[in-house]
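These are my notebook entries on one protein model. I set down each item in the order in which I looked it up.

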Amino acid sequence: MQTLSENKCFGGIQGVYRHVSDACRCDMTFGLFLPEEAADHPVPVLWYLSGLTCTHENAMVKSAAQGWAAEAGIALVFPDTSPRGEGVADDEAYDLGQGAGFYVNATEKPWAPHFRMWDYIAEELPRILTANFALDDDRQAITGHSMGGHGALTLAMRLPGRFRSVSAFAPIAHPTQSDWGRKQFRAYLGADEATWAPHDATLLMRRLGFDGPVLIDQGSKDQFLDLLKPEALALAMMERRQNGQVRMQPGYDHSYFFVSSFIRDHIAFHAEALYA
């Protein structure tokens with residue numbers, strides 16, 4: 001593993017690291033914020049999955065999360081959103097290919113050799129983190145924005161016991177019924193829609209639910225609201241009587257101004273679960 005940078009940040013360290021990924025068969029980069037407590041003992045960890053077009057850097061720089069994580073004594077992991085590099089398939093559209101991994105394991109050409117983001121986030125990167133840093137893998141939580149909110153919710157529900165809490169900012173909540181989902185699932189997973197269902201948060205909520213608290217924040221002025229379909233997820237949560245909240249925030253859009261406005265709430269929400 002290569003250290004690209006390490007900067008003092010709110011008493012802790014904000015690092016950026018690169019490693020060779022077996023899952024994605026290319027070099028992968030991630031950000032990791034460690035609070036100062038990590039110098040003495042393993043600390044709880046909050047995963048932050050980013051959205052379309054993003055790298056590890058967007059949330060790391062724009063979310064204003066490190067200060068609140070430092071107060072709570074929580075580490076933050078900022079993975080990349082897709083494989084990258086020479087020889088990795090890509091597309092001219094912003095919502096397919098590099099920067100748009102959708103947190104699935106692709107089975108279709110030309111994506112299958114590298115686009116295995118489910119395995120990377122669920123299996124490979126956790127192993128690398130706990131082997132190299134002072135992280136308590138028994139105390140994990142997960143959040144994400146947009147495509148990353150989709151990833152956070154699906155990982156949390158399909159990996160019972162892994163995460164103590166899950167939250168999302170403007171998640172792609174019902175991708176099998178949205179152009180942000182159907183296009184990508186067809187490309188990555190093929191035409192059989194049965195293979196798409198395990199990556200739809202609304203369908204998973206109906207079938208599995210989550211064994212912990214859920215927090216969803218959605219902006220009422222989100223320019224992508226019709227693609228996100230938060231009402232479908234909210235209805236599924238109500239029908240299941242899921243422990244959770246879906247909050248419509250008046251006037252907020254899809255940007256990081258929205259995320260940074262509510263990141264404090266989300267970190268406090270996860271801290272309560274992580275230190276319970």
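Where is the place of His-145? I found His-145 in the loop between strand 6 and helix 4; helices (H or I, at least four residues) and strands (E, at least two) are DSSP runs, numbered from the N terminus.

I noted that this is a predicted model, in which local features need pLDDT of at least 70, side-chain atom pairs count only at pLDDT 80 or more, and totals for chains, interfaces and linings use all residues. Residues are numbered from 1 along each chain as its sequence is written, and side-chain values use heavy atoms, with hydrogens and water left out.

Is His-145 buried or exposed? I recorded His-145 as buried because its relative accessibility is 5%; buried means under 20% relative accessible area, exposed over 50%, partly exposed in between (1.4 Å probe, protein chains only).

I then listed contacts (heavy atoms within 4.5 Å). Leaving aside neighbours within four places in sequence, His-145 is in contact with residues including Tyr-48, Phe-169 and His-254. With neighbours left aside in that way, Tyr-188 touches, among others, Leu-96, Phe-102 and Trp-111.

I turned next to helix 3. Among its buried residues are Trp-118, Tyr-120, Leu-125 and Ile-128. The buried residues of helix 3 pack against strand 2 (12-21), strand 3 (26-34), strand 4 (43-49), strand 5 (75-79), strand 6 (135-144) and helix 4 (147-158).
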